[in-house]
Amino acid sequence: MRAQSTPPTPPPQPDTSSPDSGGPASDNGPIVVPKKKEQPAEDTAPPPPAPTAPKLKTPEGMPPISLHVDVPEVTVDVGVLLEKTHQFVPGLKATNFKVFEDGKEQKVIGFKRTEAPITALLVCEFAATNYRFIYDMRNSAFAFAQQLRPQDYVAMMTFDLNTKIVTDFTQDKRQILEAINELRIPGFSERNLFDALYEGLDRLSRIEGHKYIILIASGRDTFSKITLDKVLDKVRKTPDVTIFTVSTGAVARIMSESRGGGRGGFGGAEMDYLQADNQMQTFSRMTGGMFFAPRFVGELPDDFNTINQAIRSKYELIYHPLNPKQDGSFRKLQVELVDDEGHPLLIQDEKHKPLKYDLQYRNGYRARQEVE
């Protein structure tokens, strides 16, 4: 029986399987380029995480700090009155107004018509001069008080050598009427108008909102410590105050002229009173008010009705000045009325006749100081 032979073992074959990296398995294997790992598609790749905002902590012992920037804002009250009848002109739009500050047009950002209660200081000359001045003052003050409304706040101050607060601010019209009625016998003949007006402006500067001074006086000043230049500077620097002036003593002046001019029985020359009227007009013009020189008592109701309308009916314009500096400088204001095409506004009556009108507003304001 023949023995079985074991078949020969075949020679080892090279490993042709590629490793995970795609490189050769041995020195004598196939050489291939290494495979790159598959990258996810760009549109399916998750976005990188957003950077974390740094957290700021307030040092211990210090309160939280916030930044506040004040943008200057200017409010201009404009009264539009017909020149002949002094009636208020209603129905105007914001586009009808152009506001200029130091010659540069400003952009109006706020506009409305206002008719609100008033805050007013009645300043009356009560001096021992000719009785005609006291007579005119009392009648003028009565005419003003009669037109007050229940929501109005009014105070009354008189002056001769000294100033005196007769009635503090009140809404009771009867207190004002009683205070006027008690003005019988003055103490001094001096008329310190500049001191009284300066003190009145100082008192009103502590009150918020728009205020009015109704100045009823001859306009003469005889013994004030404050000069005209100083009181004019005070008028410029006091914001939100409009002064209406009413001249007294018209009959006494006429009687003086009939006696030959010069110095009459009431202690002043006619030239002095012309200068006094000019000063009173300046106070009104600088603040957007009006000046009246009534000769007869019958004129007073109409005059004070005009003041009443001018005080209560206004157009309020608001703008941010192009000059934002808060340097305390005086800025001159100018307001114009224009139509839709930018031409000067033409106002006509029912018969299409042109009507002249006046604009009542402050001639300027003083910018705040940064330290205020």
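**T158**

I started with T158 and found it in strand β6, residues 153-159. This is a predicted model, so I keep that in mind for every entry. Is T158 buried or exposed? I get 6% relative accessibility, and the cut-off for buried is under 20%, so T158 counts as buried. Next I looked up what T158 touches, leaving aside neighbours within four places in sequence. The contacts are C124, F126, T163, K164, V166 and L183.

**The whole protein**

I stepped back for the overall count: seven helices and 16 strands. Of the 372 residues in the protein, 40% are buried, and T158 is one of the buried ones. I also checked the contacts between residues at least 6 apart in sequence. Of those, 80% join residues at least 24 apart.

**α1 and α2**

I turned to helix pairs. Helix α1 covers residues 131-146 and helix α2 covers residues 173-181. Their axes come within 10 Å and cross at roughly 175°. Which way do α1 and α2 run relative to each other, parallel or antiparallel? An angle over 145 degrees counts as roughly antiparallel, so α1 and α2 are roughly antiparallel to each other. I then listed who meets whom. From α1 I noted R138, A141, F142, A145 and Q146; in α2 they meet K173, I176, L177, I180 and N181. I sorted the residues of this contact into six nonpolar, two polar and two charged.

**α3 and α4**

Next pair: helix α3 at residues 193-204 and helix α4 at residues 228-237. I read a packing angle of about 20°, with the axes 10 Å apart. Angles under 35 degrees count as roughly parallel, so α3 and α4 are roughly parallel to each other. I also noted that α3 passes α4 in a left-handed crossing. Which residues meet between α3 and α4? On the α3 side I have F194, L197, Y198, L201 and D202. On the α4 side I have L228, K230, V231, K234 and V235. This contact divides into seven nonpolar residues, no polar ones and three charged.

**α7**

I looked at helix α7 by itself, residues 300-312. It has 13 residues and reaches 18 Å from its first C-alpha to its last, close to the 18 Å expected at 1.5 Å a residue. Which residues of α7 are buried? My list reads L300, D303, F304, T306, I307, N308, A310, I311 and R312.

**K325**

I found K325 in the loop between β11 (314-319) and β12 (330-337). With a relative accessible area of 57%, K325 is exposed. Not counting residues up to four places away in sequence, K325 touches R331 and A367. I also looked up its separation from R368: 43 residues in sequence and 8.6 Å in space, C-alpha to C-alpha.

Last, I checked backbone angles. Most residues other than glycine have a negative phi, so I wrote down two exceptions to look at. What is the phi of D102? It is near 55°, a positive value in a residue other than glycine. D102 is in the loop between β2 (97-101) and β3 (104-106), and at 45% relative accessibility D102 counts as partly exposed. H352 also has a positive phi, near 65°. I placed H352 in the loop between β13 (347-348) and β14 (354-355). At 60% relative accessibility, H352 counts as exposed.

Notes. Residues numbered from 1 in each chain as written. Predicted model: local features only at pLDDT ≥ 70, side-chain atom pairs only at ≥ 80, totals over all residues. Heavy atoms only, no water. Axes fitted to C-alpha atoms, helices over the stretch in contact; angles between N-to-C directions. Helix = DSSP H or I, 4+ residues; strand = E, 2+ residues; numbered from the N terminus. Parallel < 35°, antiparallel > 145°, perpendicular 65-115°, else oblique. Left-handed = near helix turned anticlockwise from the far one by under 90°. Contact = heavy atoms within 4.5 Å. Nonpolar A, V, L, I, M, F, W, Y, C, P; charged D, E, K, R; others polar. Expected span 1.5 Å × (residues − 1). Buried < 20%, exposed > 50% of the residue type's maximum accessible area, 1.4 Å probe, protein only.
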